[in-house]
Amino acid sequence: MSRIAIVTDTNSSITPEDAEQLGIYLLPMPIIIDEQEYFEGLNCQYEEFFDKLAAGSDVSTSQPSPLAVTELWDKLLTEYDSIVHIPMSSALSSSCEMAKGLALDYDGRVQVVDNRRISILQRRSAIDARDMAEAGLSAEEIARRLEEAAPRAKCFLAVNTLELLKKSGRVTASGAAIGTLLNIKPVLKIEGDKLDAYAKCRGMQRAQKAMLDAIRSELSGNFDLSKCRLDIAYSGYGDTVGKWQEMAQAELGVADIEVYRLPLSISCHVGAGVLAIGISEIQRLA
């Protein structure tokens with residue numbers, strides 16, 4: 001059986017500590033803070049980022065250099081026969097397209113997967129890929145299955161502040177001012193290659209209810225609870241995520257919903273205080 005390395009990036013909500021425990025290789029994503037480049041999980045820790053954000057720092061996102069990608073691949077291919085590389089969705093970053101171009105020089109030994117996911121959904125893809133590799137599937141088969149499963153996942157995010165959405169142009173300055181005055185909390189939906197507005201709610205409690213209603217709708221139509229996973233996520237200091245987890249578990253009747261942090265690549269655009277929930281279909285191994 002060939003040895004396959006699974007590679008993803010920190011957009012997956014996988015921390016360096018998680019990656020070591022999971023047996024997955026992690027590419028740190030660069031972020032820009034006050035015009036200086038940092039790398040999530042290396043020289044910029046999670047709480048440190050939000051301290052800088054609260055202090056008024058200007059933040060934005062970037063992508064890994066081609067050299068950073070190929071150096072990791074070259075190192076792994078001295079030990080492994082092939083690589084399955086799972087970047088964030090091509091619809092949200094050009095890092096996937098770049099990786100696909102670089103992989104052309106590797107004679108099929110690097111399979112770059114675009115299964116149009118990010119954060120907790122991308123995390124599940126990386127773990128599924130590892131499990132399929134351990135079950136004996138080839139890198140090509142793993143990539144194919146992950147891409148076929150791309151539509152079988154959705155994520156809903158309730159945004160606590162409109163400030164960074166205003167900066168990115170997703171909300172106008174006047175819309176942000178009115179929304180702040182009215183305590184509007186947008187709920188966004190990530191589905192396949194789309195990031196869309198889902199609902200506008202007065203207050204975070206109503207936004208949480210809207211997300212749970214959306215998940216219930218999915219469970220009554222598109223997803224079978226016995227064949228899917230639910231995960232929740234947060235950005236910032238996590239002071240309200242415990243109550244969000246308890247609420248989701250109680251209202252959805254699921255006891256084992258795990259909690260993860262949203263990656264800084266998303267937090268750069270939505271800020272602190274975000275609560276999210278994702279649903280994804282369990283990948284068949286055989």
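**Close-up views of a predicted model**

**View 1. Glutamate 251 and arginine 216 form a salt bridge, with 3.5 Å between the closest N and O atoms.** The model shown here and in the views below is predicted. Glutamate 251 belongs to helix α10 (residues 241-252) and arginine 216 to helix α9, so the pair ties together parts 35 residues apart in sequence. Glutamate 251 is partly exposed, at 39% relative accessible area. Arginine 216 is also partly exposed, at 31%.

**View 2. Lysine 154 meets glutamate 218 in a salt bridge (2.8 Å, N to O).** Lysine 154 sits in strand β8, while glutamate 218 sits in helix α9 (residues 204-221). The pair therefore ties together parts that are 64 residues apart in sequence. Are the two residues buried or exposed? Both lysine 154 and glutamate 218 are buried. For lysine 154 the relative accessible area is 8%, which is under the 20% cut-off for buried.

**View 3. The side chain of lysine 154 also meets that of glutamate 191 in a salt bridge (3.3 Å, N to O).** Here strand β8 (residues 153-158) supplies the lysine and strand β9 (residues 184-191) the glutamate, so parts 37 residues apart in sequence are tied together. Glutamate 191 has 28% relative accessibility and counts as partly exposed.

**View 4. A network of salt bridges links Glu141, Arg144, Arg145 and Glu148.** In total, the structure holds 17 salt bridges.

**View 5. Three strands make an open sheet in the order β4-β3-β5.** The pairing is antiparallel. Which strands stand at the edges? They are β4 (36-39) and β5 (59-61). Each has a single partner strand, so one side of each lacks a neighbour in the sheet. On average, neighbouring strands are turned by 30° against each other, direction ignored.

**View 6. Strands β3 (residues 30-33) and β5 run antiparallel and are joined by three bridges.** Isoleucine 33 has valine 59, in β5, as its bridge partner. Helix α2 (residues 46-54) lies across β3, β4 and β5. The helix runs at about 30° to β3.

Notes: Residues numbered from 1 in each chain as written. Predicted model: local features only at pLDDT ≥ 70, side-chain atom pairs only at ≥ 80, totals over all residues. Heavy atoms only, no water. Salt bridge = Lys/Arg side-chain N within 4 Å of Asp/Glu carboxyl O. Helix = DSSP H or I, 4+ residues; strand = E, 2+ residues; numbered from the N terminus. Buried < 20%, exposed > 50% of the residue type's maximum accessible area, 1.4 Å probe, protein only. Pairing = 2+ DSSP bridges. Axes fitted to C-alpha atoms, helices over the stretch in contact; angles between N-to-C directions. Contact = heavy atoms within 4.5 Å.
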